[in-house]
Amino acid sequence: ADLITEIRRRAALLVVDAERDSLYDVPHSTLLTSIVRGGAALNIVPDQCVVEFECRGIGITESREVTDAIVAWAKAEVEPKMRARYPDCGIDFEEILDYPALDTAADAPIVTLAKQFAGRNDH
C-alpha cells in the first residue's frame, strides 16, 4: 500500500512539476499503478502482492529515471520496515518492459512516414 501511495504521489508531481511538451495530448510524462494482484480471501493475510507500475516518458523526463527513483525509495523506506517485523519479507523488482521515451526528432524517417499515413504535415 505504501508503494502504491508513493507512486500516486510521484505521478501527481509529474503533472505539475515535470517538463512539458505541448506537441503531446498529455504534455508530460505519466506514471501509474496498473495491476495489483494478491490474496485469496478477505480473512487471509496474503503471502505476496504483485504491483505493476509504469512510467511513460515523453523524452524530456526519461522513464528509467522515474522508476529507478521509486525502486530506490522502496528499498530504503519500505523494505527495512517490513524486514524489521518479518526478516524474510522483502520487495523484489522485475523489469517487465523497457522502451525508449516517445520523443522522436521531427526529421526522423519514421516521423515522415507517420505524417504521410496521417495525411498531415504538422509535427
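Colleague: How many salt bridges does the structure hold?

Modeller: This is a predicted model, in which local features need pLDDT of at least 70, side-chain atom pairs count only at pLDDT 80 or more, and totals for chains, interfaces and linings use all residues. Residues are numbered from 1 along each chain as its sequence is written, and side-chain values use heavy atoms, with hydrogens and water left out. A salt bridge is a side-chain nitrogen of Lys or Arg within 4 Å of a carboxyl oxygen of Asp or Glu. The number of salt bridges in the structure is 7.

Colleague: Which strands do E52 and R37 lie in?

Modeller: The side chains of E52 and R37 form a salt bridge, with N to O at 3.2 Å. Strands (E, at least two residues) and helices (H or I, at least four) are DSSP runs, numbered from the N terminus. The pair ties together parts 15 residues apart in sequence, because E52 lies in strand β2 (residues 49–56) and R37 in strand β1 (residues 30–38).

Colleague: Is E79 buried or exposed?

Modeller: E79 meets R83 in a salt bridge of 3.5 Å, N to O. Both belong to helix α2, where being 4 residues apart separates them by about one helical turn. Buried means under 20% relative accessible area, exposed over 50%, and partly exposed in between (1.4 Å probe, protein chains only). Since its relative accessibility is 8%, E79 counts as buried.

Colleague: Which residues do salt bridges that share partners join into one network?

Modeller: Side chains of opposite charge can pair when their charged atoms come close. Here, salt bridges with shared partners make one network of E6, R9 and R10.
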